[in-house]
Structure formats: C-alpha cells, structure tokens
Amino acid sequence: MPVLTVDEDLRARIEARLREQFAARTAAAERYGVEFAGLWRTASLHVLGGKLLRPRLLVALYDSLTDTSAESASTATVLDLAAAIETLHYAFLLHDDVIDGDVQRRHRPNLIASLRDEHPHPLLAPREALHWGQTGAILLGDLLLSGVHQSFARADLPHAQRLRALDLLEHTITETVAGEQADVALTDQVVPADLATILAMSADKTATYTFELPLRLAAILAGCSPSIESHLSVIARHLGLAFQLQDDLLSVFGDAARHGKDPHSDLREGKRTALIAYARMTSAWRRIEPRLGRSDLTESDALLIRALLEECGARTFVSNLVDEHIHAARSLINGVDSGGLLPGAAQRVLLAIPERLEGRES
C-alpha cells in the first residue's frame with residue numbers, strides 16, 4: 001500500500017472500527033442522560049473525515065516489516081491499534097482547540113462550535129454556550145485518552161510486546177503534553193522564543209505522536225528489534241519537524257480553503273513559531289511585534305505581517321529548514337550511517353513520506 005495515498009479499503013475499515021467504538025460508547029452513555037449521550041453522538045460525527053495519516057503510516061510500515069515470525073501481530077490487532085491512534089489524534093485536537101480558542105476544524109465547525117450551537121437551552125448567553133462546548137471538548141478528550149490506554153492494554157499481543165507498546169504510548173502522551181505546554185509558554189512569553197526552544201517544542205508536540213508513534217509501533221507489532229525501533233525514532237523526529245515547520249508556513253502563507261484552519265489564526269494568537277524566531281532577529285520585528293497576538297487583528301494587519309515575514313527572509317529560512325530535515329530523513333531511510341538496517345520494502349514505504357511532504361499544501 002503506497003503510504004500517504006488514500007487506500008479506500010483501509011480508510012473504510014478504520015472508519016468502520018471508529019464508528020463501532022463510538023456507537024458502543026454512545027449507547028453506554030444513555031444511562032447518564034441525554035446531554036452525555038449527545039456529546040458522544042456529536043463526537044462520532046467529528047472524529048471521521050480526517051486524512052488518517054497516522055493509522056495509514058502504521059499499517060503501511062507494519063506490512064513492509066512483517067515476516068512469517070510468530071511475533072508478528074494479527075491484522076485485527078493492527079487495525080484496532082490503528083483506530084486507537086486516530087482516536088488519540090482526535091483527543092489531542094479537542095484539547096488543542098480549547099487551548100487555542102478555535103471553533104473550526106477540517107473546513108467546518110469543530111466539536112466546540114457544534115455543542116455551542118446545539119445547546120438544548122435556546123436562551124443560553126453566547127459566553128455560557130461557548131463554555132458548554134469547551135467543557136464537552138475537554139471531558140471527551142479525557143475519556144478518549146482513557147479509551148486509547150484500554151485499547152493498548154487489551155491488545156492481543158505477547159506480554160513483552162504489549163509492555164513495549166504501552167511504554168511507547170506513555171512516552172507519546174507525555175512528550176505531546178509537554179510540547180503543548182511549551183507552545184503555550186512560548187506564545188504567552190513565559191519562556192524566551194529562541195529557535196532552539198521552538199524546534200524542541202515542535203518535535204515534542206508534533207513529531208512524537210504524528211510520526212514516532214506509528215513508526216515505532218509498527219516495528220513493535222512486526223516483532224522487530226529495539227535497534228530498528230530506535231532508528232525509526234530518529235527518522236520520525238526529522239519527518240515531524242519538517243511536517244510542523246510546513247504547518248507553520250501554511251498557517252501564514254497557505255490557502256485556508258486547503259488547510260482548513262481559521263485564516264491568520266497563528267498570527268492572531270501570537271504563536272511563536274520558527275518564522276517569528278527568525279523575524280525577531282531582523283529590523284522587521286519592530287513593525288511585526290505591535291500587531292502580533294492581537295485578538296482584533298485586522299485583515300490588513302495580517303497581510304502586512306505576512307509581507308514583512310517574506311521580506312525579512314523568515315519564509316525562506318523556514319523553507320530551507322524543512323528541506324534540511326527532509327534530506328536528513330532520506331539519508332537515514334536509505335541507510336546512511338546505519339548499515340542498511342531497514343529492509344528494502346520498509347525503505348520504499350518511508351521514502352514516500354518525504355516525497356509527499358515536498359510541495360505539501362494542506
């Protein structure tokens with residue numbers, strides 16, 4: 001299966017598994033009242049429709065690493081865990097939307113906006129309605145994280161493999177939460193917004209669960225050695241940094257109709273990205289700083305910031321960083337300094353990732 005292309009059969013199987021899980025949780029929620037069941041029912045609509053990047057990476061790499069050894073997991077187990085990591089992704093998105101104050105995701109109103117607009121009390125004030133939506137997102141995210149742990153703990157795996165998978169899950173959640181806290185600390189200027197801190201935050205927040213989790217989990221499920229798992233971890237860090245840096249570029253310079261985020265949201269929130277770290281070292285910063293992070297940011301101010309980031313070289317600098325991390329990932333995948341640790345089939349799957357990252361628009 002070509003990774004990062006849409007395998008419709010795989011998509012259908014993963015989405016069917018997600019529907020089953022959310023339907024079961026919705027039915028179980030009925031005993032706690034219509035609002036709680038309604039939370040699950042609304043969430044079951046929002047969890048679907050993503051790109052399924054992480055589960056597709058897991059399945060594709062697992063298939064390329066699997067041999068006939070008894071240590072390889074069953075297809076059913078792999079599919080269950082693929083659905084679990086998509087659920088984990090959705091849980092992180094729910095909490096992220098609360099932190100960022102976003103009400104749009106995937107080109108449509110997110111869970112927060114849906115709960116806000118569908119609240120059963122028609123006279124609820126806008127502030128209370130928003131609080132209702134954000135509360136639902138926080139609580140559902142908590143429940144989904146618990147459910148993901150259950151999926152990993154109950155996976156049909158030998159004891160040693162299950163422990164490796166659980167350790168990986170704990171590592172993933174810890175690093176992602178630490179990265180999210182660092183992101184807020186940078187935005188709120190609790191810590192200095194230097195480039196090294198921003199890149200470390202990006203690696204923790206994005207690289208760990210977007211690439212390291214599915215790639216390492218594939219190795220665990222295929223019965224691979226810890227040395228292969230460690231090698232995949234290094235590759236994942238480069239891919240994740242390239243991916244996040246591209247996200248930063250797309251949020252400012254991309255087409256909002258393609259990437260699905262609120263236009264200028266990063267500038268309005270004052271996100272400290274690599275673009276901003278570079279701009280702070282240039283003469284353009286004195287014109288950018290007063291406008292950045294304003295909740296009432298106008299369209300003209302946003303366009304001015306964007307033009308200044310281009311003129312001062314920040315866009316070119318970050319684009320070059322993306323290219324460097326893609327090149328580093330390719331070298332590691334091809335076996336440079338690793339003695340051809342990865343089999344040819346796995347190399348082909350992994351090399352499709354940087355190919356897709358180049359020229360990415362969403």
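Reader: Buried means under 20% relative accessible area, exposed over 50% and partly exposed in between, with a 1.4 Å probe and protein chains only. On those terms, is Glu 212 buried or exposed?

Author: Glu 212 is buried, since its relative accessible area is 8%. Before we go on, this is a predicted model, in which local features need pLDDT of at least 70 and side-chain atom pairs count only at pLDDT 80 or more, while totals for chains, interfaces and linings use all residues. Residues are numbered from 1 along each chain as its sequence is written, and side-chain values use heavy atoms, with hydrogens and water left out.

Reader: OK, and which residue forms a salt bridge with Glu 212?

Author: The partner is Arg 216, and the closest N and O atoms of the pair are 2.7 Å apart; a salt bridge here is a side-chain nitrogen of Lys or Arg within 4 Å of a carboxyl oxygen of Asp or Glu. Arg 216 is buried as well, at 17% relative accessible area.

Reader: Where do Arg 216 and Glu 212 lie?

Author: Helix H8 (residues 195-221) holds both of them, four residues apart, which is about one turn of the helix. Helices (H or I, at least four residues) and strands (E, at least two) are DSSP runs, numbered from the N terminus.

Reader: How many salt bridges does a search of the whole structure find?

Author: The search finds 20 of them. One is between Glu 15 and Arg 11, with the closest N and O atoms 3.4 Å apart; these two residues lie in helix H1 (residues 8-29), four residues apart, again about one turn of the helix. Glu 15 is buried at 12% relative accessible area, and Arg 11 counts as buried at 18%.

Reader: Which residue forms a salt bridge with Arg 164?

Author: Glu 229 does, with the closest N and O atoms 2.6 Å apart. The pair links distant parts of the chain, because Arg 164 is in helix H7 (residues 159-187) and Glu 229 is in helix H9 (residues 226-253), 65 residues apart. Arg 164 counts as partly exposed at 26% relative accessibility, whereas Glu 229 counts as buried at 8%.

Reader: Which residues are linked in a network of salt bridges?

Author: The network joins Asp 96, Asp 97, Asp 100, Arg 105, Glu 180, Asp 183, Lys 205 and Lys 271.

Reader: Switching to packing, at roughly what angle do the axes of H1 and H4 cross?

Author: They cross at roughly 70 degrees and come within 9 Å, H4 being residues 75-100. Axes are lines fitted to C-alpha atoms, for helices over the stretch in contact, and angles run from 0 to 180 degrees between N-to-C directions.

Reader: Last topic, the loops: where is Leu 52?

Author: Leu 52 sits in the loop between helix H2 (34-46) and helix H3 (53-65). Leu 52 has a positive phi of about 55 degrees although it is not a glycine, and it counts as buried at 4% relative accessibility.

Reader: Is Gln 189 buried or exposed?

Author: Gln 189 counts as exposed, at 57% relative accessibility. This residue is in the loop between H7 and H8, and its phi is also positive, near 60 degrees, in a residue other than glycine.
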